[in-house]
Amino acid sequence: PEPDPNDTDEPETDQCGDERLQTKVYYGTREPTHLPLSSGQILAIGNFYGCTGTLIAPNWVLTASHCGVGRGSEICFGEEPQNANRCFTASAGHEPSGDMALLDMGRDITAAFPGIEPIPLFTDTLDQSWVGRTAEAAGYGRQENGRANEREFTAEPIDSIYRDMVAIDGQGQRGVCFGDSGGPMMVLAS
């Protein structure tokens, strides 16, 4: 028989852009496994129903600008990972640089949702000394079973750093996917 031109030994590129030997390998956890986040900080990871965002101050949410969110966008937080039911509408949006969007919620989310606690921004220098250290990503993206809109975490080693971009590597066992965009990548720092 003739060889199949589509049959190669090359890794497939899955729907999330990962090159792995098999597709749909996400396998997150409901709770962080590497970072000692408080229950209030876990609540600070919110769902845009198509993207993820993080409460970084009482009235500010950080996400990705490619998510297309801004004034009027609704982000929802929730105590249950699969039920982000406390929703707030942004009063303004800003895109300071790169693929970053800051949403002014126009109100103190910590007062409106008791128990939620902003996650502080990383202010140290992220240089090559961080390669190999573990980072924890979180989001409401697509899962290995096809579901989405459920907050999950994944702890993975930092694979590379180039300028303002950081790559983490789930080593073919886990990873982030569509809908996790804009979610936090967190590290333990000073």
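In this predicted model, the count of aromatic pairs comes to two. A pair of aromatic rings is described by the distance of the centres and the angle of the planes.

Take F77 and F88. Their ring centres lie 6.2 Å apart, and rings pair if their centres lie within 6.5 Å. Their planes meet at 50°, so this pair is tilted. The pair links distant parts of the chain. F77 belongs to strand β6, residues 74-77. F88 belongs to strand β7, residues 86-89. Eleven residues separate F77 and F88.

The cut-off for buried is under 20%.

Now turn to F122 and W130. This aromatic pair is edge-to-face. The centres are 5.5 Å apart, with 85° between the planes. Planes over 60 degrees apart count as edge-to-face. W130 is at 6% relative accessibility, so W130 counts as buried. F122 is at 33%, so F122 counts as partly exposed.

W130 has another neighbour to look at. R133 lies over the face of W130, at 3.6 Å from the ring centre. So W130 pairs with F122 and has R133 over its face.

Which residue lies over the face of F113? Here it is R86, at 4.4 Å from the ring centre. R86 also falls within residues 86-89, the range of strand β7. That is the strand that holds F88.

Terms used: Residues are numbered from 1 along each chain as its sequence is written. This is a predicted model: local features need pLDDT of at least 70, side-chain atom pairs count only at pLDDT 80 or more; totals for chains, interfaces and linings use all residues. Side-chain values use heavy atoms; hydrogens and water are left out. Rings of Phe, Tyr and Trp (its six-membered ring) pair if their centres lie within 6.5 Å; planes under 30 degrees apart count as stacked, over 60 as edge-to-face and the rest as tilted. Helices (H or I, at least four residues) and strands (E, at least two) are DSSP runs, numbered from the N terminus. Buried means under 20% relative accessible area, exposed over 50%, partly exposed in between (1.4 Å probe, protein chains only). A charge sits over a ring if NZ of Lys or CZ of Arg is within 6 Å of the ring centre and within 35 degrees of the ring normal.
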